[in-house]
Each structure stands twice: as structure tokens, then as C-alpha cells.
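Dear colleague,

Here is the structure I said I would pass on. My notes on the helix packing and the nonpolar cores follow below it.

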Amino acid sequence: MGKVYVFDHPLIQHKLTYIRDKNTGTKEFRELVDEVATLMAFEITRDMPTEDIEIDTPVTKTTTQVLSGKKMAIVPILRAGLGMVDGMLKLIPAAKVAHIGLYRDPETLKPVEYYAKFPADIEEREFIIVDPMLATGGSAIEAIDSLKKRGAKNIKFMCLIAAPEGVEAIHEHHPEIDIYIAALDEKLNDHGYIVPGLGDAGDRLFGTK
């Protein structure tokens, strides 16, 4: 069964407070999301494999560790997920960036894929799907489905805030997926918004309404 990791680091929680605040403007909101994504990238890569190499320091030879070359890819769910990509690339600049676009069908209310672009070596990579919000879980489930049907075998999901309903939905459809979040909120309201939440992440990132 996949695990749920809540990153309760003081710096993440401090910045998340201002991300939630309705008085935080677009510029500051975008910068804060970028910073929290960097901090979360530090945590989500904790189990990356390393290997020993021998180097010369100015004093002596020594054996030390480097990353063992595991291939990673970041997959933002368009459009709000884009706000988390640059922050992650600061720590893992060699990662590829894939993209998946989803829209909600007005009749079925289910997400429909309209765009997908992934690396050719999809079976060899570890994928981190990113989206600021995990509400009903519909978009996340569709993004995971999209990767799996193309051959992806190692997938994680990362978001800023999640509703319990979204976490449960992912694990109902994809029980092995690990979920990484900065905060687990109270619930979804009748309109499908996370409470207390942060509003519409895409609109706040890009200054649209």
C-alpha cells in the first residue's frame, strides 16, 4: 500500500501560511510556491540511490558518494503544476520535464486528457507528478493512468495541499502510489474546493480569474 508523507518542516509550514493567505499577491504567491517546491524536492529525493567514487581532496584520496544516475522526470499537470517545476529543477536539474494537460468534461465531470508529452525512455524513469492541489483526485488518477498505459513503472505524486477524499481516491485506484504533501486539509466543500485550502492555484499563480 502506498504511503502518505506530510512534510511538516517549519519552513514549509511558514511559507504555506502565506500561500493560503488571500492577501498574498500573484508575484509573492508564485515565488512561495517555487520555494516550497524546492523544499519538498529535498524531501522527496531522500531515498535516491547513491554509489561510491574515489576522489582527491586537497588533502588526500577519499571514497565518497554521488547519485547513481537514476533517471527522473517531473510531470506537471497543466496548468497549475507548472508553478512547481522550476523549484524542483533547482535541486534536480538533470530531471526531464514531461507535461500532461487535462480538462473536465462538462457532462461527465471527469478529466479528459488533451495533451501529453513524455520522455522516450519512459519505462526507465522515476516520475514525480506535481500539482498544487489534490481535491477529488480525478486529475491525479487520470495522470497516473496516462503514465502507466505508456509503460511507466515508478510513479510518485506530490502536491502542496490535499483533501482526505483525494488521498483516498488515489489509493483506491492506484494503491501502490506514494503521496507527498505539505498539508492534509480538512475536507472538500459542496463545490469541490479544499477547505481551508488556498483557492484556485492556477488563477493565483498566473493572475487569471
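α1 passes α2 in a left-handed crossing. Please keep in mind throughout that this is a predicted model.

The axes of α1 (residues 10-20) and α2 (residues 26-44) come within 9 Å and cross at roughly 155°. An angle over 145 degrees counts as roughly antiparallel, so α1 is roughly antiparallel to α2. On the α1 side, the contact is made by Leu-11, Ile-12, Lys-15, Tyr-18 and Ile-19. The α2 side contributes Phe-29, Leu-32, Val-33, Glu-35, Val-36, Leu-39 and Met-40. Sorted by class, the contact of α1 with α2 has ten nonpolar residues, two charged and no polar ones.

Ala-140, Ile-141 and Ile-144 of α4 meet Ala-169, Ile-170 and His-173 of α5. Five residues of this contact are nonpolar, one is polar and none is charged.

Now to the cores.

The largest nonpolar core has 37 residues. Ile-19, Met-40, Met-88, Met-158, Leu-160 and Ile-161 have the most contacts inside this core. At least two of its residues come from each of α1, α2, β4 (72-78), α3 (85-89), β8 (126-130), β10 (154-162), β11 (178-184) and α6 (201-206). The largest share is from α2, with eight residues. Two of the residues named here, Ile-19 and Met-40, also belong to the contact between α1 and α2.

Which residues does Met-88 touch, not counting those up to four places away in sequence? They are Ala-37, Thr-38, Ala-41, Ile-74, Ile-128, Val-130 and Met-158. Met-158 is also on the list of residues with the most contacts inside the largest core.

A second, separate core has 27 residues, including Ala-98, Ile-122, Phe-127 and Ala-169.

Regards

Terms used. Residues are numbered from 1 along each chain as its sequence is written. This is a predicted model: local features need pLDDT of at least 70, side-chain atom pairs count only at pLDDT 80 or more; totals for chains, interfaces and linings use all residues. Side-chain values use heavy atoms; hydrogens and water are left out. Axes are lines fitted to C-alpha atoms, for helices over the stretch in contact, and angles run from 0 to 180 degrees between N-to-C directions. Helices (H or I, at least four residues) and strands (E, at least two) are DSSP runs, numbered from the N terminus. Angles under 35 degrees count as roughly parallel, over 145 as roughly antiparallel, 65 to 115 as roughly perpendicular and the rest as oblique. A crossing is left-handed if the near helix is turned anticlockwise from the far one by less than a right angle, and right-handed if clockwise. Contact means heavy atoms within 4.5 Å. Ala, Val, Leu, Ile, Met, Phe, Trp, Tyr, Cys and Pro count as nonpolar, Asp, Glu, Lys and Arg as charged, and the others, Gly among them, as polar. A nonpolar core is a set of buried Ala, Val, Leu, Ile, Met, Phe, Trp, Tyr and Cys residues joined through side-chain atoms within 4.5 Å. Buried means under 20% relative accessible area, exposed over 50%, partly exposed in between (1.4 Å probe, protein chains only).
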